[in-house]
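Please look over the notes below on the ligand site and the sheet.

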Amino acid sequence: MTSEEVSMELQGQKALITGASRGIGAAIALELAKGGAEVALLARSLEGLEGSAAAIREAGGTAHCFAADVGDGVQFEAAIGQAHKQMGRLDILVNNAGITRDRLIIQMKDDDWDQVMQVNLRSAFVACKAAAKIMLRQKSGRIIQISSVIGVIGNAGQSNYAASKAGTIGLVKSLAKELASRSITVNAVAPGYVETDMTSVLPDKVREQILSQIPLGRIGAAGDIAPLVRFLAGPGSSYITGQVFHVDGGMVT
Ligand code: NDP
């Protein structure tokens, strides 16, 4: 086997990555493209996706951009349909788009709860349903859900976010069982704290507190998450399904 074959294990595969305009989603999209996959990038604004698409094309990959709000089921499903039509297949779905609306429970507004559930959890249902219909016909597929360490251990001030991320784990475990007979694997990745726009708003005191909980002694980078997603999308993971993988510098053991 040549080194080129080793590095292009996703050649011919078509992938859709949500929240691909920056942060973890952008790193995942680039990594899958480096593996040879043709990628559909989705976020709310096309302008936001341009940078990710340019980086992929510069690396020799093929990227298509789709604007949709994953919290709007009708809009999101239509965008998945467009991406499928444009690429002709859908082999890999990465549900990555997510938001936080942090507040202590007594101050949490109904809208803080509903928004987070809509964008983080309901969107996963919408995407998995649409992708499953396609993948069942193809008799193959990979669904990778970006959950969070917070969905496993909880966090004061993040009850809505933790519940949404824990919900995605239940979804993953159920769909792994439901779709396995058609060689479709469904797994979750639970990142710890990763340096992105989402975490850039944390005050220094909170960052120090977080750092003290990370045995490997550093906040993660988006590039720490992407290689695992590439592995889960590739041929080496065909016997792995229904699992939650922690990439958190040792926070959860
Ligand atoms: P960022 O805030 O940096 O990026 C979020 C991405 O999601 C952007 O591309 C954004 O694009 C897109 N997005 C947000 N809302 C919507 C929406 N309603 N519809 C479509 N796209 C949307 O987040 P991260 O990269 O930090 O996080 C990515 C995922 O990883 C999230 O699910 C997050 O919960 C999870 N995670 C992050 C951790 C961290 O420490 N950063 C830790 C654990 C998990 P646009 O605004 O243009 O729509």
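**Ligand site and sheet**

1. The ligand has 30 residues around it, and S21, R44, N96, Y161 and T196 come nearest. A residue counts as near if one of its heavy atoms lies within 4 Å. This is a predicted model: local features need pLDDT of at least 70, side-chain atom pairs count only at pLDDT 80 or more, and totals for chains, interfaces and linings use all residues. Residues are numbered from 1 along each chain as its sequence is written, and side-chain values use heavy atoms, with hydrogens and water left out.

2. Polar contacts are pairs of N or O atoms within 3.5 Å. A polar side-chain atom of D69 lies 2.8 Å from a ligand nitrogen. The protein buries 95% of the 890 Å² that the ligand exposes when taken alone (Shrake-Rupley, 1.4 Å probe).

3. By class, the shell holds 14 nonpolar, 11 polar and 5 charged residues; Gly counts as polar and Tyr as nonpolar. Helix 2 (23-34), helix 7 (159-179) and helix 8 (197-200) each supply at least two shell residues. Helices are DSSP runs (H or I) of at least four residues, strands (E) of at least two. Helix 8 gives the largest share, 3 residues.

4. Seven strands form an open sheet, order 3-2-1-4-5-6-7, with parallel pairing. Pairing requires at least two DSSP bridges. Strand 3 (63-67) and strand 7 (244-247) are at the edges with a single partner strand each, so one side of each lacks a neighbour in the sheet. Twist averages 20° from one strand to the next.

5. Strand 2 (residues 38-43) pairs with strand 3 in the parallel sense over 5 bridges. A40 has H64 of strand 3 as its bridge partner.

Terms used
A polar contact is a pair of N or O atoms within 3.5 Å; within protein, one must be able to donate a hydrogen and the other to accept it, and residues adjacent in sequence count only if both atoms are side-chain atoms. Axes are lines fitted to C-alpha atoms, for helices over the stretch in contact, and angles run from 0 to 180 degrees between N-to-C directions.
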